[in-house]
Amino acid sequence: MLINGMQLDTISANDRGLAYGDGHFTTMAVRDGRVLHWPAHLARLQLANSRLGLADPNWRLLTDEVEAMVANQPQCVAKVILTRGEGGRGYDGSGCQHTTRIVALAPFPSHYGKWQQEGIEMVVCRQRIGDAPMLAGLKTLNRLEQVLLKSELASRGAVEGIVLNSRGFLTEGVSANLFWRRGKTVFTPDLAHCGVDGIMRRQVMTMLKQMSIELRVVEAPLESLWQAEEVWLTNTLMGVVPVNGIEDVVYPAAVMSRRLQERLVIEV
């Protein structure tokens with residue numbers, strides 16, 4: 001782990017990321033000594049920095065730190081966290097000029113390969129996430145809703161769950177973005193009010209366009225999934241994972257998700 005370029009594993013108790021969740025992050029797949037889709041991850045960090053009003057770090061320096069950390073790694077997970085740093089008073093973070101940057105490595109989740117090949121079963125989460133348009137699309141450090149949702153999955157013996165927003169519309173999985181297909185049309189939730197606009201979500205949307213597949217970004221109720229012929233999840237680590245079923249509903253044909261998996265292998 002690097003904290004502001006130094007090999008440390010501790011952070012100041014005065015850091016606003018700890019006190020207020022005042023920051024954001026991105027999680028990246030590493031293969032053969034390089035971060036997959038680093039330009040997209042860097043763009044995500046820069047966008048979040050701008051929207052949250054954090055002081056920009058030296059982006060070239062951050063890139064160098066990431067590249068140095070992953071250089072000898074055959075496969076792992078890399079994570080970059082940026083916080084507003086120390087300073088300010090209470091919620092007022094004005095005057096914070098030194099963004100804290102953290103680069104960390106972790107083992108790659110071994111179960112994702114099995115998920116990709118065999119698909120997964122899902123449940124519908126009983127808890128819902130609230131609309132937060134100021135933060136919509138961003139991967140901020142405010143992840144308490146996801147922590148509670150993950151606890152719900154554990155209590156129900158489930159690996160992933162469909163998450164609705166407070167108005168009852170489909171939003172995402174607990175740890176992934178959501179797509180479904182009906183006929184020749186693919187759908188994904190509108191994330192203008194809440195949810196994370198994932199790197200792999202964006203890539204899949206681009207691939208669908210290249211494949212001349214109609215994609216609709218929609219506010220849709222849960223019942224839309226009962227009418228679907230196929231459902232899948234995406235994130236930067238799991239790639240594309242077919243959903244075999246959601247509670248009592250079964251999806252026998254992983255047609256589009258398999259095509260997307262094949263294209264991802266070629267691109268990587």
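**Reading a helix and a cavity**

Visitor: Let's start with helix H2. Which of the residues in H2 are buried?

Guide: Going by this predicted model, the buried ones in H2 are Trp38, His41, Leu42, Arg44, Leu45, Ala48, Asn49 and Leu52. They sit on the same side of H2, because they cover an arc of only 155° around the axis.

Visitor: And which residues are exposed on the other side of H2?

Guide: Pro39 and Ser50 are exposed there.

Visitor: What do the buried residues of H2 pack against?

Guide: Quite a list: the strands are S3 (23-31), S4 (34-35) and S5 (75-83), and the helices are H3 (59-70) and H6 (199-210).

Visitor: How many residues does H2 have, and what span does it reach?

Guide: H2 runs over residues 38-52, so to speak 15 residues, and reaches 21 Å from its first C-alpha to its last. That's close to the 21 Å expected at 1.5 Å a residue. Just after H2, look at Gly53, which takes a positive phi of about 75°.

Visitor: Now for empty space. How does one find where it is left?

Guide: The idea is to roll a probe the size of a water molecule over the atoms, which shows where empty space is left. Here the count comes to one cavity of 30 Å³ or more, and the largest cavity has a volume of about 40 Å³.

Visitor: Which residues line the largest cavity?

Guide: Asn165, Arg167, Phe169, Leu170, Thr171, Asp190, His193, Cys194 and Glu219 do. By type, that lining divides into three nonpolar, three polar and three charged residues.

Terms used
Residues numbered from 1 in each chain as written. Predicted model: local features only at pLDDT ≥ 70, side-chain atom pairs only at ≥ 80, totals over all residues. Heavy atoms only, no water. 1 Å grid on protein atoms, 1.4 Å probe; cavity = no way out; pocket = protein on both sides within 12 Å on 5 of 7 lines; lining within 4 Å. Points joined across faces, edges and corners; volume = space filled by probe spheres on them. Nonpolar A, V, L, I, M, F, W, Y, C, P; charged D, E, K, R; others polar. Helix = DSSP H or I, 4+ residues; strand = E, 2+ residues; numbered from the N terminus. Expected span 1.5 Å × (residues − 1). Buried < 20%, exposed > 50% of the residue type's maximum accessible area, 1.4 Å probe, protein only. Arc of directions from axis to C-beta. Contact = heavy atoms within 4.5 Å.
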